[in-house]
Amino acid sequence: MSEYWNPKTELLPREDLRELQLAKLRLLVGWARARSPHYRRTLAGVRPEQLRTWADLDRIPFLTREEWMRSQDEHPPYGELPVVGPESAIRVHTTSGTSGRTPLRALDSRKDWAWAAEMWCYALWAAGVRSHDVGYVAFGYGSFIGFWGLHNGLERIGALTVPGGAQTTPNRVKQIVDFGATVVASTPTYALRLAAEADALGVDLRNGPVRTVILSGEPVVAETKAIIEDRWGARAHDTAGMTEISTVFMFEPTGRPGGSHIIEDHFIEQVVDPETGREVGYGERGERICTSFGRSTTPLLRYRTADVVVKVPSRGPRTFDLYEGGILGRVDDMKLVRGTNVYPGAIEAVVRGFGGIEEFQVRIERRGDRDEIVLCVEPAPTMGDEPWGRLAADLGRELADAHEGLRFHVERAPADTLPRFELKAKRLTDLRPAPTTRSA
């Protein structure tokens with residue numbers, strides 16, 4: 001049995017893969033120009049036959065989240081991106097809304113949803129999921145797109161699929177055990193929460209049937225993934241998707257190439273300097289720009305995702321490029337504290353390197369005329385004062401070393417007081433007052 005879901009394209013030589021992408025791009029531009037009010041305007045000066053080389057991508061203007069949201073506000077509820085109205089669609093899903101802003105709404109046809117499941121099959125198959133597996137989806141099944149596509153992908157492969165919606169965390173753990181799940185899908189944060197709940201219930205996950213944990217919904221650093229693998233006794237696989245495309249665009253195979261493969265026969269993924277918009281080379285950090293070939297109802301051309309990534313060439317038989325370390329964070333996640341750049345992912349990488357930590361939160365605040373950063377840590381309930389003192393000192397030292405000497409105030413939180421997250425975790429809060437502007 002092949003280790004590739006679609007060996008014809010996953011093993012395609014790079015030059016042939018590039019030609020396939022450009023051919024699909026020409027079809028997509030023609031489709032969007034003819035049917036979408038938004039693209040009829042923005043692509044007015046772009047003809048499909050002009051798109052012959054990779055450099056010709058620059059002819060296509062970027063699409064931003066702000067443009068999409070403004071289109072929804074001005075032409076509610078779906079805006080002008082879709083090529084059809086709701087009467088021709090079968091599903092609508094939204095972003096999670098964790099930012100507190102109006103969520104994006106995306107329409108899909110039956111064909112779109114079949115394609116979304118197909119993309120998940122690339123990821124699931126590469127992680128070793130087969131028809132004999134029992135997949136448990138630890139997700140609330142609301143309007144947020146979340147793991148809907150993964151559920152359909154499990155079914156497409158032929159695995160017995162258990163939807164874990166409308167359950168408390170203890171009940172989900174019990175269902176995982178009762179159904180003999182071999183594959184569990186969740187966000188990285190919720191995988192840790194499920195493991196903690198299993199410990200509290202006396203469930204031995206390490207020696208249970210779960211052998212694969214599929215992670216998605218938020219960036220996962222290597223240190224957190226290692227903890228998940230240890231607590232579950234299973235191999236964890238990173239994936240990433242977004243509501244704007246309805247599915248995943250990258251996956252981490254069992255071969256552990258040191259990154260996640262981009263599904264390049266169905267996407268064009270560019271990495272650009274977020275300031276200049278110019279494409280950067282292999283190995284350089286930048287912002288993801290996504291063009292999707294599969295979602296016909298709501299086309300996506302050169303969408304600025306605000307995801308921070310580093311693209312590198314494939315290091316194995318599969319020719320798809322890799323995102324080294326997956327999604328590294330968000331362009332807008334970076335905070336400036338007393339002249340030092342602070343990224344949530346960098347903090348998590350340090351914190352998860354220590355044992356005995358149940359949960360943590362980061363708070364940036366103004367104290368007098370000085371910005372301060374506070375790490376609030378909830379240690380294991382059994383940790384005494386002396387071990388806590390050593391842990392706090394070591395944490396503060398390593399965080400300072402990783403952030404150009406910036407001092408972190410490390411505080412202890414009582415047991416079970418910090419928030420737990422089922423979906424996307426939000427662990428950094430900036431409480432500093434917004435800068436004021438002087439009137440002329």
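Does Ala306 count as buried or exposed, and at what relative accessibility? Hold that thought for a moment. One caution: this is a predicted model.

Now, Ala306. You will find Ala306 in strand β12, residues 300–312. Its relative accessibility is 15%, so Ala306 counts as buried; the cut-off for buried is under 20%. The backbone deserves a look too. Ala306 is not a glycine, yet its phi is positive, about 70 degrees. For context, most residues other than glycine have a negative phi.

Next, Ala166. Here again phi is positive, about 50 degrees, and again the residue is not a glycine. Where does Ala166 sit? In the loop between β4 (160–163) and α7 (169–178). Ala166 counts as exposed, because its relative accessibility is 76%.

One more backbone point. Go to the loop between α4 (65–74) and β1 (91–94), where Pro77 is found. The peptide bond from Pro76 to Pro77 is cis, with omega near 0 degrees. In general, most peptide bonds are trans.

Last, a helix pair. Take α8, residues 188–201, and α9, residues 222–232. Their axes come within 10 Å and cross at roughly 30 degrees. Angles under 35 degrees count as roughly parallel, so α8 is roughly parallel to α9. The crossing of α8 and α9 is left-handed.

Who makes the contact? From α8, we have Pro188, Ala191, Leu192, Leu194 and Ala195. From α9, we have Thr224, Ile227, Ile228, Arg231 and Trp232. Sort the residues of this α8 and α9 contact by type: eight are nonpolar, one is polar and one is charged.

Methods. Residues numbered from 1 in each chain as written. Predicted model: local features only at pLDDT ≥ 70, side-chain atom pairs only at ≥ 80, totals over all residues. Heavy atoms only, no water. Axes fitted to C-alpha atoms, helices over the stretch in contact; angles between N-to-C directions. Helix = DSSP H or I, 4+ residues; strand = E, 2+ residues; numbered from the N terminus. Parallel < 35°, antiparallel > 145°, perpendicular 65-115°, else oblique. Left-handed = near helix turned anticlockwise from the far one by under 90°. Contact = heavy atoms within 4.5 Å. Nonpolar A, V, L, I, M, F, W, Y, C, P; charged D, E, K, R; others polar. Buried < 20%, exposed > 50% of the residue type's maximum accessible area, 1.4 Å probe, protein only.
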